[in-house]
Amino acid sequence: MIELILVFSAAIFGIGVYGALSQQSFVMIMMGLELMINATVLAIVVFWWGTTGGDPRGQLLVVVVLAVMAIEAAMGFALVTAVYRARKADITEKLKRLRN
Amino acid sequence: MSVLGVTAIVVFGVASVVTGWLVFRTDSMVRAAYWLMASFVGVGAMLVTLDSQFLGLILILMMAGEMTIMAIFMVMYMMNPAGLNPMVMVHQHRTAIAAGVGSFLLLATVALVADFPADPAPAGADPTAELGFELLGRSMLVFESAGVALLAVMIGAVAVAGKWGRFGDADAGSVEPPLDPEEAAS
């Protein structure tokens, strides 16, 4: 059962990697990152469930990862807003130059 | 795990993967946000099936809020948020596919080949209560640190996204710079 769930986790992680690397839109890139963190949460919980004897520190790690997920989303949205104010840019291709 | 539990894991797992894939296959960015939410709901349901009810429900509630905000951001900033026209906005597509498939194969191989210790959580335990005692007991510093980090991010996000810039009003610079360096210098 652990192996099966880890394969699902690997599939979600792979889709996230594809999205984060292939998308031009900033928010779509963030969606790829979110999928990767989603897969990480699933893998941590299945390890907690199947290999730690129910040690609550396994669940605690998920709480930390959820905080990281919230931080990633908040800073991502803030940066999207800042870039749009400065450049009117909504895709990565408009940010090829750092100058100006 | 019971047959019903295994069936639920398979159904929710397949649903999470399929909806995760649909995030990048739809023309509408708003729909993409809600497909992502569906993927999170599937993973949250898997967490509930794995006796981690609190974390599963927290994940679903948190993502419902975040994806709603994300959909609003799509409408605010991104082109074609409703998906009325066909749209492909990708770059380095083959590299991205290779990286995604490669990372899946690598992780899946490790998952299938590695010998994990079998020490399941005891039946009849209350994982939610144990997590609560852990968070407010010996691991309180971790819990508090996460709270302080979130507070710092809230302040930082407002500072970064605010209308005021370091050199004046941030909106004053919202004109796309010219491509000619000499024109930009003048």
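**Core and contact in a two-chain model**

Modeller: The largest nonpolar core has 66 residues, and those with the most contacts inside it include A:Ile12, A:Val27, B:Ala33 and B:Met46. This is a predicted model, where local features need pLDDT of at least 70, side-chain atom pairs count only at pLDDT 80 or more, and totals for chains, interfaces and linings use all residues. Residues are numbered from 1 along each chain as its sequence is written, with chains lettered from A and ligands numbered from 1 in the order in which they are written.

Biologist: Why is this called a nonpolar core?

Modeller: Because the term stands for a set of buried Ala, Val, Leu, Ile, Met, Phe, Trp, Tyr and Cys residues joined through C-beta atoms within 7 Å. A residue is buried if 20 or more other C-beta atoms, placed from the backbone, lie within 10 Å of its own. In chain B, 28% of the 186 residues count as buried.

Biologist: What makes up the secondary structure of chain B?

Modeller: Chain B has 7 helices and 2 strands, running α-α-α-α-α-α-β-β-α from the N terminus. Helices (H or I, at least four residues) and strands (E, at least two) are DSSP runs, numbered from the N terminus.

Biologist: How many residues does each chain bring to the contact?

Modeller: Chain A gives 65 residues and chain B gives 80; two residues are in contact if their C-beta atoms, placed from the backbone, lie within 7 Å. On the side of chain A that touches chain B, α3(A) supplies the largest share, 24 residues.

Conventions
Buried ≥ 20, exposed ≤ 12 C-beta atoms within 10 Å, placed from the backbone.
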